[in-house]
Amino acid sequence: MNILVPGCGGFIGSHFVERMLARDGVTIVGWDAETSKISHLLDHPRLVLRQRLLKGPSAYEAFAADVENCDWLVNLAAICNPSQYNTEPLRTIYANFIDGYPIVELASQYKKPLIHYSTSEVYGRTLASYVSSEVYAAEDLYLMDAERTPMVMGPIQNQRWTYATAKQLLERLIYAYHKESGLDFAVIRPFNFFGPRMDYLPGIEGEGKPRVLAMFIAAVLQGRPMLLVDGGRAKRTITSIHDAIDALVAVIERREQSLNHFYNIGNPANEVSMRELAQAVRSAFARVTGEPRFLDHPTLDVDARAFYGDGYEDCDRRILDISAEQARLAWTPKRSLEQLLDETVGYYWQKYGERSRLRATG
Ligand code: UGA
């Protein structure tokens, strides 16, 4: 089996490529300019890496030849970091819609099944947050169902929604190609996938504001308070990257049942507020290191506008219905929040714990 993976060097890509290369008979043709997360795989004989951007006529031609030769196209190329949606809106729209357009078009032209990574953010905010000031009285007002729930977003000036709307339009493009040209697809909407190699740790692996767990872990390792945006009220359902990859593998293995659907991939059992997540991160550090000092690691409340700038608007809550996904994919997410935090904190502690130890002792 030959799988073409634009965005193979990102967080999800690195775990998917690792998992698939462990199987005999699978070749990955990966496109990515950035390869640090897959550096341990670069010598693998069944990984063919195109270390370049999919931009310009010669890249397009080379990519088209790869599409023609593949059995599956798994599109992971995207910008998916909320701090960029309102500060770099043009880049966000280009990366998440315009750059994705030719990938969808070529999949349709060469009649290749396309698995496209979208986002849980296409749902926007919950209906409850608009109609009843966040009183989650009835499931219809908050539960996200992949084939039923409407998509609710703020005004254009709130540029947080550039990402969600670009992603939504690409989903609509895929569906239109399916209806008009017979494109086979699976659209996956991730619900807060966490694990080793996620994003980057600010101040250690790069500069900026990645997603929340990378922010929290970097803060603890560097002895800074974990920042709680607007008091850490917002809620998310947290998913282990390994459960997420299990679902992706199931889409490929159960092709007859899986194609031509939209999937919520997440773990409804792991719903937490960001304040609760900070507490869970403290506990994970204490468990992993055996050092109780982490239980008192401080948090600091920050205003969303001060943290993200103008045009940020938060998703209040993201809780998903996965009953259709479980039936179609014969898949169930298994890892608890505690397990996935222990794994992720353990991974970063092993890499960077020395810094924290030196600060504590010196
Ligand atoms: C992001 C992306 O936009 C989605 O593409 C993606 O599907 C989703 O993550 C995901 O991980 O699946 P979001 O959950 O809002 O959306 O991203 P985070 O940056 O992880 O923020 C989660 C919550 O934590 C927000 O309420 C945010 O304001 C808060 N936060 C973030 C903090 O309290 N402190 C921080 O340091 C960073």
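**Around the ligand**

Guide: Let's start with Y85: an N or O atom in its side chain is 2.6 Å from an oxygen atom of the ligand. Keep in mind that this is a predicted model.

Visitor: How much of the ligand does the protein cover?

Guide: On its own the ligand has 700 Å² of accessible area, and the protein covers 98% of that.

Visitor: Which residues are the closest in the shell?

Guide: The shell counts 27 residues, and the closest are E121, Y163, N192, R211 and D314. By class, there are 18 nonpolar, three polar and six charged residues. Elements that each supply at least two of the shell residues are α3 (82–85), α8 (212–221), β9 (226–229) and α12 (304–308).

**A look at R160**

Visitor: Where does R160 sit, and why is it called buried?

Guide: R160 is in the loop between β6 (143–144) and α7 (161–181).

Visitor: Which side chain of the protein makes a polar contact with the side chain of R160?

Guide: That's Y312, at 3.2 Å. Since the limit is 3.5 Å, the pair falls inside it. Setting aside neighbours within four places in sequence, the contacts of R160 include Y85, E121, R236, D314 and R318.

**The whole chain**

Visitor: How do you know that the chain agrees with a compact globule?

Guide: For 362 residues, the globule rule gives a radius of gyration near 21 Å; the protein chain has 20 Å, so the two agree. The C-alpha atoms fill a box of roughly 60 × 50 × 40 Å along the principal axes.

Visitor: And what is the chain built from, and how many of its residues are buried?

Guide: The secondary structure comes to 14 helices and 15 strands, and buried residues make up 56% of the 362. Among contacts between residues at least 6 apart in sequence, 76% join residues at least 24 apart.

Conventions: Residues are numbered from 1 along each chain as its sequence is written. This is a predicted model: local features need pLDDT of at least 70, side-chain atom pairs count only at pLDDT 80 or more; totals for chains, interfaces and linings use all residues. Side-chain values use heavy atoms; hydrogens and water are left out. A residue is near a molecule or strand if one of its heavy atoms lies within 4 Å of it. A polar contact is a pair of N or O atoms within 3.5 Å; within protein, one must be able to donate a hydrogen and the other to accept it, and residues adjacent in sequence count only if both atoms are side-chain atoms. Accessible areas come from the Shrake-Rupley method with a 1.4 Å probe; for residues, only the protein chains shown count as cover. Helices (H or I, at least four residues) and strands (E, at least two) are DSSP runs, numbered from the N terminus. Ala, Val, Leu, Ile, Met, Phe, Trp, Tyr, Cys and Pro count as nonpolar, Asp, Glu, Lys and Arg as charged, and the others, Gly among them, as polar. The radius of gyration is taken over C-alpha atoms; the globule rule is 2.2 Å times the number of residues to the power 0.38. Buried means under 20% relative accessible area, exposed over 50%, partly exposed in between (1.4 Å probe, protein chains only). Contact means heavy atoms within 4.5 Å.
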